Protein chains: 2
Amino acid sequence: MLRSDTLHRSLSDPAVTSMGFLTEVAGRYPEAISFALGRPSDVSFEVPALHRYLSRFVSHLIDDLHYGEAGVRDVLFQYGSPKGFIQHLIARNLHVDEGIEVAPESIVVTVGCQEALFLVLRTLSRDRRDAVLAISPTYMGLTGAARLLDMPVLSVDGGVDGVDVAALRERVRSARSEGLRPRALYIIPDFANPAGVTMPTALRHELLEVADAENILLLEDNPYGLFRTTGRRPPTLKALDPEHQVVYLGSMAKTVFPAARVGYIVADQPVFHDRGGNSLLADELAKLKGALTVNTSSMGQAIVAGKLLENDGSLLRSNTAEISLYRRNLERLLKGLDHHFGDVPGVGWKAPDGGFFVVVSMPFPADDTLLEKSAREFGVLWTPMSYFYDGEGGQAQLRLSCSDLTLDDIDEGLRRLAALTTARSQT
Amino acid sequence: MLRSDTLHRSLSDPAVTSMGFLTEVAGRYPEAISFALGRPSDVSFEVPALHRYLSRFVSHLIDDLHYGEAGVRDVLFQYGSPKGFIQHLIARNLHVDEGIEVAPESIVVTVGCQEALFLVLRTLSRDRRDAVLAISPTYMGLTGAARLLDMPVLSVDGGVDGVDVAALRERVRSARSEGLRPRALYIIPDFANPAGVTMPTALRHELLEVADAENILLLEDNPYGLFRTTGRRPPTLKALDPEHQVVYLGSMAKTVFPAARVGYIVADQPVFHDRGGNSLLADELAKLKGALTVNTSSMGQAIVAGKLLENDGSLLRSNTAEISLYRRNLERLLKGLDHHFGDVPGVGWKAPDGGFFVVVSMPFPADDTLLEKSAREFGVLWTPMSYFYDGEGGQAQLRLSCSDLTLDDIDEGLRRLAALTTARSQT
């Protein structure tokens, strides 16, 4: 009765379907070691903690905010504000961990960072001329959200340090000459997914200046910032943002847990209304959230709140075990790459200072066909970098993640990847 | 920096902004009695139940489904399938309470019914020619989701019994002659929001035939079906649907609780792919959910699952107290309307057989100006019916809800409404 060619085009777009192929291959070869999953370690995942966090949040409502029983029931069970009810705790977290000072009123709690991306893009796209710029290679979640809206994504070269500012200016200009309106640049300045690159502080200042001069917003996504293995963290763009050029996209997927589905948007930009008056961009985003998902699950919010409360607002503190584990794993992965591929011609990578991802260049195409062969014959999974390019790019690269693997799995996985590489190079 | 006329048009659309005005007025007059809220009674809302439901679901995973500790952690904490993990319990609930037989594979769990609406509309709208039909007056959630997509909403007269089938056929034809493609009709067959009307069984059969003949899907939304005060429930459209013409939209907002944000879609329609092969519409919807919110909160899903498990899959059984309370309140409201307005010229209403809503016609415009006066001078809130019309309609009608009021509040609220009516009629 229904034909696929009558349904929305995003359903057949690689940005939406690629990960499905990977999941399907992983399902067929459950014994394969997976460097493909960007999921967090489950070292702190315990069911009793869920009960404890919920109780801690209820105590906060009663003891700190002086809610009565009816008030607690309203918060946990009834419809509430689309903006959420834990914005004060998120604002405190941003102060404690990031040195970002924002009012709770500029925060909208979302169903993970993915809903945040969708809401920001929807708000900024009035018609087909509005486009979003994105550092290439790009996190697929951004491209997927744009596809849902038929919104053009304009690739900007990430260069060596995370963004090529000259290329950005040129892309903005060329887009305008084509009749497009580039509204914002999507960027992950810390340990980017997938490239692993972190932007130096000076470049952050430069990027803010360019955004101001070109009148584009910066959509700063920061899921991995806490997971630094070496050196000092540069400030986030949002911490350097007196002109309100940055919309900050928060994810709790890696710092609390993915299935809570709690993210947020910091949008302290003033909006001038043509009929008079001002509002905050956060309030405009909240209107659309009301028409998209109404509220973020109270249970998810309460659990995240409980974890924040237990740790005096610091997710850096509550992730001590995870930070050590990711450091250990990344060091092991980099050492293993050196061992197996240090002398292999055509194989190369850049060691990141943290995060989940290492990009490896190969002397042959790393596509879906090779991925299937890798899983079937060698028992190892990875992500083709071509998934992260809109159009051509990344054909001979793959992304490795080691965030949820044991040291033995990292060692054995790299042996298998080396065997695949040897076999592939000989054909 | 940002101007409202550069942002998406839905931000200034009444379908998205009307409820904001109502909320704002309610906030200014917190002492007003509100007939405006369509929210459920909190008679069963208890914090300990949340802990119990979560534990019950964990036991189900371990004892019934034989998950180990790692499996439980994966379900509750990690990323999972966009379709969710409680589809088997929802399928059982539909069997037990509705006589609907569907495979768990045709179910997608969503962030409340609102995300379900958005996903279905997005999937069905390939370009600006794809339109959705909706019984007028229409639930604002449908119009809001369509506005997010710039998708035309075509109003169809609800007539006396819930749908005017001749008007539907005519609207489909006229739309096609205008170059539009009407894809589906959105309808609430039981105790419609806002009209309160329930479709007779014969008309349900007739509607299914028309949908088949005209090749349109029926989007059946059923948030209030369990809350019947008198007589027997007619079968849902989905229970009468051998041709897979019905996409069934489920809400747990009124039967479990709103803030869980758990709804679902039953989409057992086959999709024929132009490159060969078939899929289920549910799988296509899940792809887009992956790009919109990734997963539905595990905590929300677990709580809903626990309540279903505790009640052998029956929400009818678990809502015994609520069903009595809604019956008692609706009877009191109807009796009070008779008492205060039975002899007032120009005031009229139709008694529904259940649900949350009664529509009252007034001999004067019931608009935002009167609502504000009603709150300020008379201490009573209601919803202007014009909110539910796309364009003209409902100007002299208001919607009353009594689902979350005490009997005293119903009595006093009606006294206040009568005083407003007297004052307004004298001006």
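This is a predicted model: local features need pLDDT of at least 70, side-chain atom pairs count only at pLDDT 80 or more; totals for chains, interfaces and linings use all residues.
Local features require pLDDT of at least 70 and side-chain atom pairs pLDDT 80 or more, while totals for chains, interfaces and linings use all residues; side-chain values rest on heavy atoms, with hydrogens and water left out. Residues are numbered from 1 along each chain as its sequence is written, and chains are lettered from A in the order in which they are written.

The interface between the two chains is considered first. In chain A, 84 residues are in contact with 84 residues of chain B, contact being defined as heavy atoms within 4.5 Å. About 7600 Å² is buried between chain A and chain B, with 61% of this area on carbon and sulfur atoms; buried area is the accessible area (1.4 Å probe) that two parts lose on being put together, summed over both. Of the area that chain A buries against chain B, 12% is supplied by A:Met1, A:Phe77 and A:Arg126, more than by any other three residues.

Helix H10 (residues 298-310) of chain A and helix H10 (residues 298-310) of chain B have axes that come within 7 Å and cross at roughly 120°. Helices are DSSP runs (H or I, at least four residues) and strands likewise (E, at least two), numbered from the N terminus. Axes are lines fitted to C-alpha atoms, for helices over the stretch in contact, and angles run from 0 to 180 degrees between N-to-C directions. H10(A) is therefore oblique to H10(B), given that angles under 35 degrees count as roughly parallel, over 145 as roughly antiparallel, 65 to 115 as roughly perpendicular and the rest as oblique. The crossing of H10(A) and H10(B) is right-handed, a term that applies if the near helix is turned clockwise from the far one by less than a right angle. A:Met299, A:Gly300 and A:Ile303 of H10(A) make the contact with B:Met299, B:Gly300 and B:Ile303 of H10(B). By class, four of these residues are nonpolar, two are polar and none is charged; Ala, Val, Leu, Ile, Met, Phe, Trp, Tyr, Cys and Pro count as nonpolar, Asp, Glu, Lys and Arg as charged, and the others, Gly among them, as polar.

Within chain B, helix H5 (residues 112-124) packs against helix H6 (residues 140-148) at an angle of about 45°, their axes being 9 Å apart. H5(B) and H6(B) are therefore oblique to each other, and H5(B) passes H6(B) in a right-handed crossing. From H5(B), B:Gln114, B:Leu117, B:Phe118 and B:Leu121 meet B:Gly141, B:Leu142, B:Ala145, B:Ala146 and B:Leu148 of H6(B).

Over all chains, the structure holds 66 salt bridges, each a side-chain nitrogen of Lys or Arg within 4 Å of a carboxyl oxygen of Asp or Glu. The side chains of B:Asp283 and B:Lys83 form a salt bridge at 2.9 Å, N to O. This pair links distant parts of the chain, 200 residues apart: B:Asp283 lies in helix H9 (residues 281-292) of chain B, and B:Lys83 in the loop between helix H3 (69-77) and helix H4 (87-98). Six salt bridges are found across the interface of chain A and chain B. A salt bridge also joins the side chains of A:Arg39 and B:Asp74 (3.4 Å, N to O).

A:Phe191 lies in the loop between S6 and H8 of chain A and has a positive phi of about 50° although it is not a glycine.
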